[in-house]
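Subject: Structure handover and notes

Dear colleague,

Here is the structure I said I would pass on. Please look through it with the notes below.

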Amino acid sequence: MERSPHPFFKVEHLRKNFGGVLAVYNVSFELRQGEFLGVIGPNGSGKTTLVNLITGFVKPTSGKIFFKGKKITGKKPYTIAGLGIARTFQMVRLFYNLPAYKNLIIPLCSSRVKRLRGGRYGEKDDEAIDLLDDMGFERDSRVPYKDVGSLPHGYLKRLDLARAMALRPDILILDELFSGMSMSEVASTLPLIEKFNREGLTIIMIEHRLKELFRVVDRVMVLNFGEKIAEGTPDEVMQEDEVKKAYLGIDVEIPPREAV
Amino acid sequence: MSLLIYGLINSVILALYTVGFSLTYGISGLANFAHGALYILSGFVAWSLMNAAGLPFAVSGILAVLITAAIGFAFYWVLILRVRGIPLAELIVTFAAGVAILELMTWKGFYGLRYSLPVFVNGGVEIAGVGIDYQRLIVLASGLVLVIGLWLFVHHTRIGLAFRAMAQNERTALSIGIESDWIGALSLAFGAALAAIAAMVVLPLGVMESTIGYDVLIYALAVAIVGGLESTLGMIAGSFLIGYGQIAAARYIGAKWMVIVPLAAIVFVLSVKPSGIFGKFKELEERV
């Protein structure tokens with residue numbers, strides 16, 4: 001593969017204060033195209049703020065974000081979405097008064113998708129239903145045609161994922177996709193995400209379920225109190241004392257189990 | 001019988017006053033307090049085009065609607081964009097702009113009996129023993145056409161879908177690449193156009209004065225508050241309640257009590273069910 005002079009995606013010294021609270025402090029990292037990065041950290045460590053900063057929902061206090069060599073810091077969320085960075089939300093809020101497939105029509109009709117694939121409004125219904133089918137909502141079931149507000153809560157996360165994928169993104173950011181999902185839903189969603197990654201999609205995944213996360217990611221970044229405290233493969237990261245401390249809350253050695 | 005018919009006409013007029021206001025509010029959460037000013041401004045634009053440029057009413061009416069829509073669109077980019085997201089500032093900006101438009105028109109001399117728009121067709125018919133002129137029938141018809149047309153637009157076009165998405169959840173809409181400012185400006189342009197369309201059919205019923213702008217704003221607010229903001233059904237119900245209430249008050253208490261009805265309705269609804277008849281009280285999570 002040809003090496004481009006710019007990193008695919010790069011965050012430089014990103015920082016965000018909310019009043020006196022330092023939510024994200026001096027975070028820098030890079031992503032290669034097609035890489036799968038996990039972001040972990042205790043509650044309140046700045047993970048969601050990081051996502052909001054990258055996707056333009058929150059403006060950084062200082063620092064820079066580059067995507068394909070272009071600076072995207074401070075751009076509007078819709079501009080960033082149009083450039084190809086899609087996200088899901090921790091608290092899913094879809095368009096509840098629209099049928100499930102119509103929720104995907106808007107991203108499918110965005111100027112980005114038009115540029116990539118063409119097609120006009122009114123011709124996209126099949127594509128939306130195909131996408132839902134890929135996500136496990138079978139076209140013969142009535143799910144794609146029902147109003148989102150009437151669907152079971154467990155479906156909404158996967159629907160949100162479908163909505164993000166409908167944008168045909170270059171980078172997908174998953175903000176605690178698995179929270180609120182049942183074990184079986186996680187088990188059926190994880191292979192989907194792995195498939196997207198194998199097909200070349202760059203993914204940033206924020207997750208509390210470490211076991212599932214570590215199975216799929218190339219690299220993990222650990223945040224604590226807004227700072228990056230570790231980065232590396234899952235094994236490397238979990239060996240670090242600071243990570244153990246952050247996750248256990250106290251500085252203790254886990255005693256080796258005594259043989260009985 | 002005349003109570004029934006005139007109540008119906010009055011209700012439809014109120015609905016026409018309100019439809020643009022509640023469309024803009026429903027989509028972008030922007031309470032456009034310049035709505036009444038845009039309404040009467042479009043009337044004077046049409047009048048000026050007819051009397052200064054000598055155009056027929058059909059042409060100048062359509063032009064007036066387009067010009068008013070353009071003013072609404074520009075209004076968003078020039079003034080509202082700067083205070084977007086601060087509801088109180090939005091309210092002050094739109095209200096101030098409305099007052100400025102109205103007072104400027106008063107200063108220019110747009111009051112008195114000189115100014116009126118022609119009716120579409122002269123004459124009238126008698127329905128069930130009640131005399132009714134064609135213009136009022138046209139008002140009824142245009143109210144119906146407008147509501148159906150809007151429904152079709154919102155449900156069957158791409159912009160309509162974006163409108164609905166934006167109305168339901170701005171945050172999610174942003175994340176799939178809907179340009180909120182573009183949609184906001186469009187929503188204001190549509191609201192302004194609807195105000196102008198209402199003006200073109202309703203204004204021929206009487207003379208034009210710049211102060212009508214204030215009345216229209218109060219009626220639109222009353223209907224929106226009584227019916228519940230953001231609810232189309234509520235808007236229709238609110239129009240009918242106040243519309244019939246006014247005609248009944250005029251008939252049984254006295255004509256001067258007509259103006260009290262919308263104000264009394266606002267006070268009553270706010271004290272009994274603040275979210276309006278069909279409005280939804282926002283959940284705590286959404287309010288913080």
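How many of the five residues of β7(A) are buried? The model is a predicted one, and in it five of the five residues of β7(A) are buried, so the strand is largely enclosed by the rest of the structure.

**Strand β7 of chain A**

The burial applies to both faces of β7(A). Ile171(A), Ile173(A) and Asp175(A) are buried on one side, and Leu172(A) and Leu174(A) are buried on the other. As background, side chains in a regular strand alternate between the two faces of the sheet.

β7(A) has strand partners as well. Strand β6 of chain A, residues 85-87, pairs with β7(A) in the parallel sense over three bridges. In that pairing, Ile85(A) has Ile171(A) as its bridge partner. Strand β8 of chain A, residues 202-206, also runs parallel to β7(A), and five bridges join the two. Here Asp175(A) stands opposite Ile206(A).

**Domains of chain A**

Chain A is divided into two domains: domain 1 takes in 1-75 + 171-177 + 202-250, and domain 2 covers 85-168. Their C-alpha centres lie 27 Å apart. Where the two meet, 12 residues of domain 1 of chain A are in contact with nine residues of domain 2 of chain A. On the domain 1 side, the elements that give two or more residues are α1 (47-54) and β7 (171-175) of chain A. β7(A) supplies the largest share of that side, five residues. By class, the domain 1 side that touches domain 2 has eight nonpolar, two polar and two charged residues.

**Chain A overall**

Chain A contains 10 helices and 10 strands. Along the principal axes, its C-alpha atoms fill a box of roughly 60 × 50 × 45 Å. Of its 260 residues, 42% count as buried. Among contacts in chain A with a separation of 6 or more, 67% are between residues 24 or more positions apart.

**The four-stranded sheet of chain A**

Chain A also has an open sheet of four strands, in the order β2-β1-β4-β5, with antiparallel pairing. Its edges are β2 (21-31) and β5 (70-71) of chain A; each has a single partner strand, so one side of each is left without a neighbour in the sheet. At the β5(A) end, two bridges join β5(A) to strand β4 of chain A, residues 62-67, and the two run antiparallel. Lys70(A) in β5(A) is the bridge partner of Phe67(A).

**Where chain B touches chain A**

The contact takes 16 residues from chain B and 22 residues from chain A. On the chain B side, the elements that give two or more residues are α6 (158-168) and α7 (170-175) of chain B. α6(B) gives the most, with six residues. The chain B side divides into six nonpolar, six polar and four charged residues.

**Chain B: a helix and a hairpin**

Helix α10 of chain B, residues 232-252, has 21 residues and reaches 30 Å from its first C-alpha to its last, close to the 30 Å expected at 1.5 Å a residue. Its buried residues include Met235(B), Ile236(B), Leu241(B), Ile242(B) and Ile247(B), along with glycines such as Gly234(B), Gly238(B), Gly243(B) and Gly245(B). The cover over the buried residues of α10(B) includes α1 (2-28), α9 (212-227) and α11 (260-272) of chain B. Just after α10(B), Gly254(B) takes a positive phi of about 150°.

Gly124(B) has Asp133(B) in β2(B) as its bridge partner. Two residues lie between the strands of this hairpin, where Ala128(B) takes a positive phi near 50°.

Regards

Conventions:
Residues are numbered from 1 along each chain as its sequence is written. Chains are lettered from A and ligands numbered from 1 in the order in which they are written. This is a predicted model: local features need pLDDT of at least 70, side-chain atom pairs count only at pLDDT 80 or more; totals for chains, interfaces and linings use all residues. A residue is buried if 20 or more other C-beta atoms lie within 10 Å of its own, exposed if 12 or fewer, and partly exposed in between; C-beta atoms are placed from the backbone. Two residues are in contact if their C-beta atoms, placed from the backbone, lie within 7 Å. The expected span of a helix is 1.5 Å times one less than its number of residues. Two strands pair if DSSP finds at least two bridges between them. Domain bounds come from an automatic or database domain assignment. Ala, Val, Leu, Ile, Met, Phe, Trp, Tyr, Cys and Pro count as nonpolar, Asp, Glu, Lys and Arg as charged, and the others, Gly among them, as polar.
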